[in-house]
Amino acid sequence: MIIFFRWGSQPRSYFMPFDTQEFRHAMSQFATGVVVVSAQVNDELVGFAAQSFVSLSLVPPLVAVCPQKASTSWPRIRDVRRFSINVLAEAHSAISDAFAIPGNTPEVGWKLSCIGQPILEGSLMHIDCELAVEHEAGDHTIAVAEVLDLDVHSTDASPLLYFRAGYGSFRHG
């Protein structure tokens, strides 16, 4: 299979000895945490679930999240430039599923952070961010954000993990 893609300014081709289903299956062998990226847009909660989230830099404090290009929520969040990343607890699989539906905003308890962005009730922690830069990356966007504030809400609860197309959790100690 030959795939054509654009990385940088020039289109490139690459021979792939596997198909997208094989790639998806292989990537499912890596456990990830689950977050909800959320913003208040016109006094309304807007957000999406993501597994592609990473701490990027300590100095300056930067994180990255990778929304799908087909996301209907990311363009609205991008426009306000400030958002929160909420790390979900193991009991939040239904919240993750609901935020994974494009354009869906589930009924969930939330309050505003000190910069006016949504903190989801029961999240393990939240990070308040301001969008710094975006990079095109296949069918996703890499959004790099400056960390403005953060708060750990619970050190006792376990995180929600995603592994082999299903949810799980991690117990420490």
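User: What should I know about the model and its numbering before I start?

Analyst: The model is predicted, so local features need pLDDT of at least 70 and side-chain atom pairs count only at pLDDT 80 or more, while totals for chains, interfaces and linings use all residues. Residues are numbered from 1 along each chain as its sequence is written, and side-chain values use heavy atoms, with hydrogens and water left out.

User: In what order do the seven strands of the open sheet stand?

Analyst: Strands (E, at least two residues) and helices (H or I, at least four) are DSSP runs, numbered from the N terminus. Two strands pair if DSSP finds at least two bridges between them. Here the order is E5-E4-E8-E11-E12-E7-E6, with antiparallel pairing. Strand E5 (44–50) and strand E6 (53–57) each have a single partner strand, so one side of each is left without a neighbour in the sheet. From one strand to the next the twist averages 35°; axes are lines fitted to C-alpha atoms, for helices over the stretch in contact, and angles run from 0 to 180 degrees between N-to-C directions.

User: How many bridges join E6 and E7?

Analyst: Four bridges, in the antiparallel sense, join E6 to strand E7 (residues 62–65). Ser 55 stands opposite Val 63 in E7.

User: How do I read an aromatic pair?

Analyst: The distance of the centres and the angle of the planes describe a pair of aromatic rings. Rings of Phe, Tyr and Trp (its six-membered ring) pair if their centres lie within 6.5 Å; planes under 30 degrees apart count as stacked, over 60 as edge-to-face and the rest as tilted. Three aromatic pairs are found in the whole structure. In one of them, Trp 74 and Phe 83 have ring centres 5.8 Å apart and planes at 80°, so this pair is edge-to-face.

User: Is Trp 74 buried or exposed?

Analyst: Buried means under 20% relative accessible area, exposed over 50%, partly exposed in between (1.4 Å probe, protein chains only). Trp 74 is buried at 2%, and Phe 83 is buried at 0%. The rings of Tyr 162 and Tyr 167 are also edge-to-face, because their centres are 5.4 Å apart and their planes at 70°. Tyr 162 is partly exposed at 24%, and Tyr 167 is partly exposed at 32%.

User: Which residues does Trp 74 touch?

Analyst: Contact means heavy atoms within 4.5 Å. Leaving aside residues up to four places away in sequence, Trp 74 touches Phe 48, Pro 67, Phe 83, Leu 131, Glu 134 and Ala 143. Phe 48, Trp 74 and Phe 83 form one aromatic cluster. Trp 74 lies in helix H2 (residues 74–80).
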